[in-house]
Amino acid sequence: MESSPHVWIETLRKSHDRLAGLAELLTPGELREQSYCTGWTVAQLLSHLGSGAEIAMLMLPGALGEAEPVGREAFAPVWEVWNAKTPDEQAADALAYDDRHVTTLERLTDDQLGGMKLDFFGTQLDAVGIVRLRLGEHALHTWDVAAQHDAAATVAPDATALLIDNVPQFLGPRLGKPLGEPFRVRIVTTGPDRDYLLTSAESVTVADWPAGADADEVPVVQMPAEALLRLAYGRLDPDHTPAEVTADPDVLARLRQIFPGF
């Protein structure tokens, strides 16, 4: 996995630029339409990213060791303010706060980045881990906006290249929901190339395909890496599954059950 926080921040900047380019073309009516996220309009989805950027900036001084860590009790007042905005305000303010957050990260020194740490639900994150969380959310929600009018939309290649290695370490065990019966599948990706073994038992695990393992023992799914990312976030429904995905329909259906999304 990429170890330079500067690379992650640069990719987050590009994701912001992509989101801004998409959002600025939306009409007031389109902002009020249902987004890919169930229960959220496009404006509310953008509001979620905007409030997330504001909360990230609230948490940054604590992560840098310059102030006491901010607790979750500080989040609700931020959400209340954003929820009270009009859809047009939510969209415009989201882009402004998102840009401000990325700019703040870009201005951090190497020493500041090297000392960053955040306790995220019991997991200690460094600068890369903190930006990785934001990039994952940002890139997928940017896809949510793009997919509103383009069923063939994909997660940006630069974000995919960084986030794909997050699947085994974080996304699989955190987002995966075990089936009621044991299940294993080999997942082979392109762009970039990865070879994984997903196991659903008492929990969901994703690991590198074991060297020397019998490939005939488990079914194989082949897909672009960005499709695997979307699968992990519950965004690989039949209408948004690229033709490059090759799998037994029953196997793919089980994978969608394991990753219902949110």
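This is a predicted model: local features need pLDDT of at least 70, side-chain atom pairs count only at pLDDT 80 or more; totals for chains, interfaces and linings use all residues.

Colleague: Leaving aside neighbours within four places in sequence, which residues is Leu 198 in contact with?

Modeller: Using that 4.5 Å cut-off on heavy atoms, we skip anything within four places in sequence. What's left for Leu 198 is Phe 183, Arg 184, Val 185, Ile 187, Val 204, Thr 205, Val 206, Leu 255, Ile 258 and Phe 259.

Colleague: What is the strand order in the open sheet of 4 strands?

Modeller: Start with the pairs. Strand β3 (residues 183-190) runs antiparallel to β4 (residues 194-200), with 7 bridges between them, and 5 bridges join β4 to β5, also antiparallel. Pairing in the sheet as a whole is mixed, and the order reads β5-β4-β3-β6.

Colleague: And which are the edge strands?

Modeller: Look for strands that pair on one side only. That picks out β5 (204-208) and β6 (220-224).

Colleague: Which residue stands opposite Ser 200 in β5?

Modeller: β4 and β5 are joined by a hairpin through 3 residues. Across that pairing, the residue opposite Ser 200 is Val 204.

Colleague: Which strands does helix α11 touch?

Modeller: Helix α10 (residues 225-232) lies across β3, β4 and β6, at about 105 degrees to β6. Helix α11 (residues 249-258) packs on the sheet too, and its direction makes about 95 degrees with that of β3.

Colleague: Which residues have the most contacts inside the largest nonpolar core?

Modeller: That core has 55 residues, and α7 gives the most to it, with 8 residues. There is also a second, separate core of 19 residues, which includes Leu 19 and Leu 46. Back in the largest one, those with the most contacts are Met 116, Leu 198, Met 223 and Leu 255.

Colleague: How many Å apart are the end C-alpha atoms of helix α1?

Modeller: Helix α1 covers residues 5-23, so at 1.5 Å a residue its 19 residues should span 27 Å. The model agrees with that, as the end C-alpha atoms are apart by 27 Å.

Colleague: Which helices do the buried residues of α1 pack against?

Modeller: Buried here means under 20% relative accessible area. The buried residues of α1 include Trp 8, Ile 9, Leu 12 and His 16. The helices that this buried set packs against are α3 (42-63), α5 (87-106), α6 (110-115), α7 (127-146) and α8 (157-163).

Notes: Residues are numbered from 1 along each chain as its sequence is written. Side-chain values use heavy atoms; hydrogens and water are left out. Two strands pair if DSSP finds at least two bridges between them. Helices (H or I, at least four residues) and strands (E, at least two) are DSSP runs, numbered from the N terminus. Axes are lines fitted to C-alpha atoms, for helices over the stretch in contact, and angles run from 0 to 180 degrees between N-to-C directions. The expected span of a helix is 1.5 Å times one less than its number of residues. Buried means under 20% relative accessible area, exposed over 50%, partly exposed in between (1.4 Å probe, protein chains only). A nonpolar core is a set of buried Ala, Val, Leu, Ile, Met, Phe, Trp, Tyr and Cys residues joined through side-chain atoms within 4.5 Å.
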